[in-house]
Amino acid sequence: MSHDSRTAPRICPLCEATCGLTLTIEGTTVTGARGDRDDIFSRGFICPKGASFGGLDADPDRLRVPLVRGEDGELREAAWGEAFDLIAARIPDLVKAHGPQAVGVVLGNPNVHTMAGSLYPPLLLGALRTRNVFTASTLDQMPKHVSSGLLFGDAHAIPVPDLDRTGHLLLIGANPLESNGSLCTAPDFPGRLKALRRRGGTLTVIDPRRTRTARLADRHVAIRPGADALLLAALAHTLIDEKLADPGPLAEHLERLDELAAALAHFTPEAVAVACDVDADTITAIARELAAAPTAAVYGRIGSCTVEHGTLASWLVDVLNILTGNLDRPGGALFPLSATARAPRTAEPGARHAAPGKGFALGRWSSRVSGHPEAKGELPIAALAEEIDTPGEDRIRALVVIAANPVLSAPDGDRLDAALADGLDFMVSVDPYLNETSRRADVVLPPPPPSQSAHFDFAFNSFAVHNQVRYTRAAVPLEDGRMDESEIHARLILAVSGMHGAPPSAVDDLAVDTALTRAGAPKELAAGLTGESGPERRLDLMLRLGPYGLTLQQLLAHPHGIDLGPLKPRLTEVLRTRSGRVELLPAPIAADLPRLRRALGDRPAPLVLVGRRHLRSNNSWMHNVGSLTGGSNVCTLQIHPDDAARLGLADGDTARIESSGGGIEAPAEITDTVRSGVVSLPHGWGHSRPGTRMSVAAAHPGANVNQLLDGTLLDPLSGTAVLNAIPVSVTPAR
């Protein structure tokens, strides 16, 4: 390290593990990144994404100033003031002429990886008053939000496995050794699973692929894709039928427990065995092992969410945790308590269960064209194109896209791409790259690289397997000509709300005042808030109002974090159902079970497609980092040797894959890590469209798996696109 080098702590923003990093900085350039051994949560763990922090931060393809579309139709560099002037001139006029539903908002998953992306979009939606809200959740995790909302009355009350204390972990549709975890924030997930094995625990993995996680397991069950809910239902049925179910102290908090047996009566191990391609004895054995374990946790993720019965599968994960008495107890599945959460609501004195809440409702409004019901205030992102290109009142005419690339990440990108190009009057994109979606915008607002931004994990701390809190300020000063991401968001809110020209601090002041009012706290508290910026003052307030009564100054005094202790039972604090109890068999779930029963008689397709995760990637937004290309991070069609021989494919041949939405081509990778009858392509590729400025991604474009989908197949309860267990045909390309 040279004499002018220094180090700075930084929380990694590149996946949900939120590992602590130590950055090496020369001048204003990040020249290295290693794991922070003093970080109270990650203890020095780092993955290839974190190690590539400097390369991503200094990517020469990152935009540095706004782009504005000129009269010639081309995007050109512009001053910040000109960009916001144009937004302020266009969007309010469109709303005045056509109403608030004329504006749509798309939020991508990188938003939860930044402070600004967590703090400001809710204010933007409040300013626009639109119901046309689309997020990456309906490509990923919405089934879990819906099932949690129906069970617990709060769509954000998602229990996580107590990884460090459980004695038996059952994973379904999850590959945390590649993904680093999802809706379960756990630095060094591999190390935690190995520790489970060392202490004599059991790991069961249910996955159609023999993933790195599956290779670590005591038992790997290669289920037929899409049958997750059937298998989980059979496990629950077995627990009840063999009188192994024992909710323990949870029983007094459960509604409709006595009705569950009848609801699941048809899902015997024998009945589901053919549909799952898992023999009945194995299903029975897994159920008995769960019941016999001193502590156990069931955890399901994207593979069990992005299927036709994703919400039912998500519900059944928690049903199993409840029936085995493992919900809300150490070693089972617990609800984290983040430092910025609402202070716990206690039950009335002497009450045996939580007080009634407002509950959770689905379908409060529907999409204009296909009538898709909203879930958690969102509409299916698969419906975005038709909401733009279908004529009629309340058609989306303007779009605000923040950290999202739906042309690649949503079904039928060709239709959406055409809709963005020809169907909109105006589009704004907040994005560091000119990618497949932002290239269609009239204004592109680029946030600075992560080293120049402060970081706090509002979302992921709510899913952490250990309660802790960490905050890091920007590691290097904001570069001349750039604008802080929080200021970009604040000025965008002012521009669309008719307050263009007001100082950005007005947005933060309003947010502070609103938070104090909702908390019933004295307004004088605002004067005592500390921080160098509006976001820091807001963070300070949330910490003070939170359950631990912390302050920003305390976080700054502990740059490696503050340990807030292991997860604790707190079910009665999180319940928000109208009954004040866990709604074990909610009406929407009960109404959807006959659809699952009909799946018992479905004839499986000869060949189905599933996705896969890469350790050195995160959907579409990290494919422009040269150090992360190659190796396992490639877009190949994995296919079993028996299927390859039957289809006449050799390793490395170009395969043609076709389904309802169209066809694509990809190199064949012959491997027995996928079961026969299954092929696998990773998500987020297809960087071949003209007009982008992502040179590394364009040199390794891959194929867009989502172009195989026409967007019509959704999980009906959550509106989530079915991305897994898709029937396909595969032939050698001509």
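**Figure 1. Asp672 and its salt-bridge partner.** At 45% relative accessibility, Asp672 counts as partly exposed. Keep in mind that this is a predicted model, here and in every view below. Which residue does the side chain of Asp672 meet in a salt bridge? It's Arg210, with N and O sitting 3.0 Å apart. The two partners come from distant parts of the chain, 462 residues apart. Arg210 belongs to the loop between β10 (202–206) and α9 (212–215), while Asp672 belongs to the loop between β24 (662–670) and β25 (678–680). Arg210 is also partly exposed, because its relative accessibility is 32%.

Figure 2. The structure holds 37 salt bridges, and here's another one: Arg473 with Glu536, where the closest N and O atoms are 2.7 Å apart. Arg473 sits in the loop between β18 (467–469) and α19 (485–496), and Glu536 sits in helix α21 (residues 534–545), so this pair ties together parts that are 63 residues apart in sequence.

Figure 3. Glu479 pairs up with Arg482 in a salt bridge, and their closest N and O atoms are 2.9 Å apart. Glu479 is partly exposed, because its relative accessible area is 36%. Arg482 comes out at 9%, so it counts as buried. Salt bridges can also share partners: that's how Asp414, Asp417, Arg439, Arg440 and Arg689 are joined into one network.

**Figure 4. A seven-stranded sheet with mixed pairing.** Follow the strands across this open sheet and you'll read β5-β4-β17-β16-β15-β6-β7. That's 7 strands, with mixed pairing. At the edges are β5 (75–77) and β7 (133–135), each of which pairs on one side only. Neighbouring strands are turned against each other by 15° on average, ignoring direction. As a bit of background, strands of a sheet pair through backbone hydrogen bonds, in either a parallel or an antiparallel way. Look at strand β6 (residues 103–107): it runs parallel to β7, and 3 bridges join the two. Which residue of β7 stands opposite Val106? That's Phe134. Helix α5 (residues 121–128) packs on the sheet, where it touches β6, β7 and β15 (398–402). The direction of α5 makes about 170° with that of β6.

Figure 5. Where does Asn132 lie? You'll find it in the loop between α5 and β7. Asn132 is buried, because its relative accessibility is 7% and the cut-off for buried is under 20%. Leaving out residues up to four places away in sequence, Asn132 touches Gln101, Val103, Gly104, Val105, Leu379, Glu387, Asp394 and Ile396. With Gln101 there's a polar detail to spot: its backbone oxygen lies 2.8 Å from a polar atom of the Asn132 side chain. Ala88 is 44 residues away from Asn132 along the chain, and the C-alpha atoms of the two are separated by 20 Å.

**Figure 6. Helix α6, hidden inside.** How many of the 11 residues of helix α6 (residues 142–152) are buried? The count is 11 of 11, so the helix is largely enclosed by the rest of the structure. Among the buried residues are Lys144 and His145, along with Met142, Val146, Leu150, Leu151 and Phe152. Just after α6 comes Gly153, which takes a positive phi of about 85°.

Figure 7. Strand β9 (residues 168–172) pairs with β10 over 5 bridges in the parallel sense, and Ile172 stands opposite Ile206 in β10.

Note on methods. Residues are numbered from 1 along each chain as its sequence is written. This is a predicted model: local features need pLDDT of at least 70, side-chain atom pairs count only at pLDDT 80 or more; totals for chains, interfaces and linings use all residues. Side-chain values use heavy atoms; hydrogens and water are left out. Two strands pair if DSSP finds at least two bridges between them. Helices (H or I, at least four residues) and strands (E, at least two) are DSSP runs, numbered from the N terminus. Axes are lines fitted to C-alpha atoms, for helices over the stretch in contact, and angles run from 0 to 180 degrees between N-to-C directions. Contact means heavy atoms within 4.5 Å. Buried means under 20% relative accessible area, exposed over 50%, partly exposed in between (1.4 Å probe, protein chains only). A polar contact is a pair of N or O atoms within 3.5 Å; within protein, one must be able to donate a hydrogen and the other to accept it, and residues adjacent in sequence count only if both atoms are side-chain atoms. A salt bridge is a side-chain nitrogen of Lys or Arg within 4 Å of a carboxyl oxygen of Asp or Glu.
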